[in-house]
Amino acid sequence: YQRRVHGDPIQSRMRELVCEAGLLSRADGSCRFAHGNTSILAAVYGPSEARLRRELIDRSAIEVVVRQKFDALGQPGPASSPAKEQENMLQNIVEAIVHTQLYPRTCISIIVQVIEDDGSLFSTMVNAVVGALLDAGVAMSCMAAAVSVSAGGGEKGEGNSESNTPNCGCVVDPSAEQEKAHDASVMVCVQSPGNKILACKTAGSLSEDKFFRLVADATTASQTIFNFFRTSMRSRTT
């Protein structure tokens, strides 16, 4: 399922979204999620019996592995420090939204494969993982969606040709080129219902005022992702 985003002045400036679930027959759940040219494939295995060293008597253990984009020889890129940080953040988000206590002594393994990176990489990872959990039928206490926003140095978009929102000179769901041109970015992961922030990651230097404005824009734009999930998952069951 895919769609172009229209409507709200902030939400309409997101890139085209694509969600394809159930692509991998051997996984319990899978989802390819794309923001524009950025594309991630996530697969969920389990809940299944945990190995003894990973077993938790009162809940399921969550394992996340991030695999970098394949090289010219078809091999995944080497492990890196950013990948380890991504794995830790994804694990924390999954533990916050999954009813792990319903699956004691089990393990839920999640593989995240980077297909293409054209900006907003981590937020696309989060949305792919949520889509794969939904496809696997894993019990969750809430939904989660992530959006990235980048900002240039000027206030209110003055002199910033890249600006795609009128209120803070920022770009919602930026491409890699836009991220490179800007001074800072914020990734916000929001839960629904409630709009509670589950995770927030910043890069670069931001004033306190601009930080909160970027978080507000990301939170508003996350509603597009939630609506997109509902529509795409509904289309699979009809």
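Me: Is Arg-105 buried, partly exposed or exposed, and what is its relative accessible area?
Reply: In this predicted model, Arg-105 is found in the loop between helix 1 (81-97) and strand 6 (106-116), and its phi is near 60°, a positive value in a residue other than glycine. Since buried means under 20% relative accessible area and exposed means over 50%, a residue in between counts as partly exposed. Arg-105 is therefore partly exposed, with a relative accessible area of 42%.

Me: Is Asp-173, which has a positive phi although it is not a glycine, buried or exposed?
Reply: Asp-173 has a phi of about 60°, and its place is in the loop between strand 8 (170-172) and helix 3 (176-181). Asp-173 is also linked with Arg-15 and Asp-118 in a network of salt bridges. The relative accessible area of Asp-173 is 2%, so the residue is buried.

Me: What pattern of helices and strands does the chain follow when read along the sequence?
Reply: The chain has 238 residues, of which buried residues make up 50%. Its secondary structure consists of four helices and ten strands. Read along the sequence, these elements follow the pattern β-β-β-β-β-α-β-α-β-β-α-β-β-α.

Me: Which residue forms a salt bridge with Glu-116?
Reply: The count of salt bridges comes to eleven, and in the one formed by Glu-116 the closest N and O atoms are 2.9 Å apart. The pair links distant parts of the chain, 47 residues apart, with Glu-116 in strand 6 and its partner in the loop between strand 5 (61-67) and helix 1.

Me: Why are Lys-84 and Glu-87 separated by about one helical turn?
Reply: Lys-84 forms a salt bridge with Glu-87, in which the closest N and O atoms are 3.8 Å apart. Glu-87 counts as buried, because its relative accessibility is 13%. The separation of Lys-84 and Glu-87 is about one helical turn because, within helix 1, they are three residues apart.

Me: Which elements give two or more residues to the lining of the largest pocket?
Reply: The largest pocket has a volume of about 280 Å³, and it is lined by 14 residues, of which Leu-121, Phe-122, Glu-179, Ser-185 and Lys-201 lie nearest its centre. The elements that give two or more residues to this lining are helix 2 (121-136), strand 9 (184-192) and strand 10 (197-203).

Me: How do the residues of the lining of the largest pocket divide into nonpolar, polar and charged?
Reply: Glu-179 and Lys-201 are among the lining residues that lie nearest the centre of the pocket, and both Asp, Glu, Lys and Arg count as charged. Over the whole lining, the residues divide into five nonpolar, six polar and three charged.

Me: Which residue is joined to Pro-193 by a cis peptide bond?
Reply: A cis peptide bond joins Gly-46 and Pro-47, with omega about 5°, and Pro-47 lies in strand 4 (residues 38-49). Pro-193 has its place in the loop between strand 9 and strand 10. For the cis peptide bond of Pro-193, omega is about 5°, and the residue joined to it is Ser-192.

Me: What distance separates the C-alpha atoms of Ile-97 and Ala-144?
Reply: Ile-97 is found in helix 1, and it counts as buried because its relative accessibility is 1%. Ile-97 and Ala-144 are 47 residues apart along the chain, and their C-alpha atoms are separated by 7.4 Å.

Me: Which residues make the nonpolar surface patch of about 240 Å²?
Reply: Leu-23 is found in the loop between strand 2 (17-21) and strand 3 (29-35), and it is partly exposed, with a relative accessible area of 44%. A residue of such a patch needs over 30% relative accessible area, so Leu-23 passes that cut-off. The patch is made by Leu-23, Leu-24 and Tyr-45.

Terms used. Residues numbered from 1 in each chain as written. Predicted model: local features only at pLDDT ≥ 70, side-chain atom pairs only at ≥ 80, totals over all residues. Heavy atoms only, no water. Patch = residues over 30% accessible without salt bridge, like charges linked within 9 Å, V, L, I, M, F, W, Y side chains within 5 Å. Areas by Shrake-Rupley, 256 points an atom, 1.4 Å probe, with all protein chains shown as cover. Salt bridge = Lys/Arg side-chain N within 4 Å of Asp/Glu carboxyl O. Buried < 20%, exposed > 50% of the residue type's maximum accessible area, 1.4 Å probe, protein only. 1 Å grid on protein atoms, 1.4 Å probe; cavity = no way out; pocket = protein on both sides within 12 Å on 5 of 7 lines; lining within 4 Å. Points joined across faces, edges and corners; volume = space filled by probe spheres on them.
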